[in-house]
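Reader: I'm new to protein models. Could you pick one part of this one and take me through it closely, showing what it touches?

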Amino acid sequence: MPLPRLITLIVGIGLILGMVLWLVDSIYRLYFQISFTAPLLANLLLLIVIILLGLLIYAFLYYFNLMARSPQARRARPMAQPPLEKTAAAGANLQAVRRQVQHIEDEVTKRSLLLRSREIEASLHQGEIKVVIFGTGSAGKTSLINGLIGQIVGDVGAAMGTTTIGRAYRLSLPGVEREIVLIDTPGILEAGIAGTERADQARALATEADLLVFVVDNDLRQSEYEPLCTLAEIGKRSLLALNKTDLYPPDEQAAILAHLTATVHPFIPASDVVAICAAPQPVTLADGNTAQPDPELLPLIKRLAAVLRAEGEDLMADNILLQSQRLGEEARRLLDLQRRRQADKIIDRYQWIGAGVLAVTPLPVVDLLATAAVNTQMVVELGKVYGCELNLERGRELALSLGKTLVSLGVVKGAVQLLSTALQFNVATYLVGKTIQGITAAYLTRIAGKSFIEYFRQDQDWGDGGMAEVVQRQFQLVKKEEFVKGFVKDAIAKVVAPIQDALPPPQEDDPEPLQLGAKLDPYPEPVSRDRWSSPRDDWETPLPRPRDDW
């Protein structure tokens, strides 16, 4: 303990003891005088004095207990934790991801998503700050890491494309309690397929960073600006480091730095744009010898430490929340693709079942065509795929409602006209009338099924535009020429061909089937000698020609 503080403590204790003795003597005299007239009041006064003395002793002992603590014990503080609301939201997202993953049938994909969710959850407790060094190839990223950690960790001054995988190194900064992990990434904008793959890996690592250090060696090119802007849009905090400043005269360096600051101002503040020199060029001395200058990294180190001290916990929490959200989006995307495949199989099955039935037993009313096309059981099965359990009554209600919408919007009439035209160019005329209702029903079933997919994907909600807008949008999609061609081709194989095969083979004396484009003679000539002949040779009936005035 310092001498002045010790003297002050002794003097203070002496004064306190003197005052305590005077107070005790005064209280004793007061107690003695009061006890003769009011014993109860005297006892109460004594109790108060005892409590005050106890508090004084406790304060004295507490003060010496603090003094006895070691400096290390006084400095030991619990490590700050990321904001609870963000970590709680991240945990909730991960729980939702695990629930979604259980519905994915692909075991490889399921294991991959579960592993990623466990990695994100582990980062909640590890407490490491990930700083990713990002930028173009040969901009000096590895040299920067060399200077930051004080040892050679890569090939300094190597050609573009040297760093092929992300590498991690540990770093400690004064005032930053958490351990910092520096991640060196492959360069972006490298040529060739391998360069593109390394650039994709670099971007993936950058999206997982708590903080980015984007390294450039000149003014920003458009190809550099775009990935930096994209990372800022998803919420990544970045520092921009202008490296290799020893290659530029002071005035040119200042101009480049000013232009960089103005270019990135919308998403990077001016204080986060710094000039550094990670690997200075050797300098020739007056005596002819060369000297290697020290790296100039102090501006970046100071800014890095300041940002991590002030925002480190928030940056970690934001990154964890972002990673959990992105994983949730990926799980939802994969699950949606799986459900779409299952739903498409259901629609395909029901559209051709309905087509076959209606082709054999055509319905006389077009309204019934739309109603029959929207199968109740199909609606129920589609709902089950998307986790919406519907009973048959609710499925029938939805089916009838959409069938009426198909009629009211003119979709049924448009489908009949569209398919009639398409079929006349692909099917014999005598089969068109027999199959048009069945094929139209299949076409409408597809529109209805696709509309219900959108309904179930939006948690049984048709959206702001209602059922009519969804149906119209699906009808416009299936009206496209390339889809109609493929649909007619499938319809011929699944509906027309079975009907054609079921017809009895033509006899030798039967006339040829009527083909599209054949011209009919209103006055056909007799088959033989101006008369129709029956199979019997002895039965002949002349066929008179009609009169022109009839």
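Author: Start with confidence. Among the elements of the protein, strand β9 (residues 531-533) has the lowest mean pLDDT, at 39. Strand β6 (residues 273-275) has the highest, at 93. pLDDT is the predictor's confidence in each residue, from 0 to 100. Helices and strands are DSSP runs, numbered from the N terminus: helices are H or I with at least four residues, strands are E with at least two. The protein averages a pLDDT of 77, and 76% of the residues score at least 70. Two stretches need care. Over residues 154-164 the pLDDT is below 50, and this stretch has 23 contacts in the model beyond near neighbours in sequence. A contact means heavy atoms within 4.5 Å. Over residues 513-550 the pLDDT is again below 50, with 28 such contacts.

Here are the ground rules. This is a predicted model, so to speak of local features a pLDDT of at least 70 is needed, side-chain atom pairs count only at pLDDT 80 or more, and totals for chains, interfaces and linings use all residues. Residues are numbered from 1 along each chain as its sequence is written, and side-chain values use heavy atoms, with hydrogens and water left out.

Now the helix. Ser-324 is found in helix α10 (residues 298-360). Ser-324 is buried, with a relative accessible area of 1%. The cut-offs are these: buried is under 20% relative accessible area, exposed is over 50%, and partly exposed is in between (1.4 Å probe, protein chains only). Who surrounds Ser-324? Leaving aside neighbours within four places in sequence, Ser-324 is in contact with Ala-90, Asn-93, Leu-94, Val-97 and Ile-120. There is also a link inside its own neighbourhood. The side chain of Ser-324 reaches the backbone oxygen of Leu-321 at 2.7 Å. An α-helix has 3.6 residues a turn, so residues three or four places apart point the same way.

Next, charge. Side chains of opposite charge can pair when their charged atoms come close. A salt bridge is a side-chain nitrogen of Lys or Arg within 4 Å of a carboxyl oxygen of Asp or Glu. The count comes to 23 salt bridges.

Take Glu-313. Its side chain meets that of Arg-178 in a salt bridge (3.0 Å, N to O). Arg-178 sits in the loop between β2 (167-171) and β3 (180-184), while Glu-313 is in helix α10, 135 residues apart. Arg-178 is buried, at 6% relative accessible area.

Take Glu-311. Arg-237 forms a salt bridge with Glu-311, the closest N and O atoms being 2.4 Å apart. Arg-237 lies in the loop between α8 (222-233) and β5 (238-242) and Glu-311 in helix α10, so the pair ties together parts that are 74 residues apart in sequence. Arg-237 is buried, with a relative accessible area of 17%. Glu-311 is partly exposed, at 26%.

Take Arg-340. Its side chain meets that of Glu-454 in a salt bridge (3.2 Å, N to O). Arg-340 lies in helix α10 and Glu-454 in helix α15, so the pair ties together parts that are 114 residues apart in sequence. Arg-340 is partly exposed, with a relative accessible area of 26%. Glu-454 is buried, at 13%. Salt bridges that share partners also join Arg-237, Asp-272, Arg-303 and Glu-311 into one network.

Rings of Phe, Tyr and Trp (its six-membered ring) pair if their centres lie within 6.5 Å; planes under 30 degrees apart count as stacked, over 60 as edge-to-face and the rest as tilted. The count comes to 10 aromatic pairs. One of them joins Tyr-443 and Phe-487, edge-to-face, 5.4 Å centre to centre with 75° between the planes. Tyr-443 lies in helix α15 (residues 429-457) and Phe-487 in helix α17 (residues 481-502), so the pair ties together parts that are 44 residues apart in sequence. Both Tyr-443 and Phe-487 are buried. Trp-352, Tyr-443, Phe-483 and Phe-487 form one aromatic cluster.

One last stop: the loop between α15 and α16 (466-478), where Gln-460 is found. Phi of Gln-460 is near 60°, a positive value in a residue other than glycine. Gln-460 is partly exposed, at 36% relative accessibility.

Note on methods:
A polar contact is a pair of N or O atoms within 3.5 Å; within protein, one must be able to donate a hydrogen and the other to accept it, and residues adjacent in sequence count only if both atoms are side-chain atoms.
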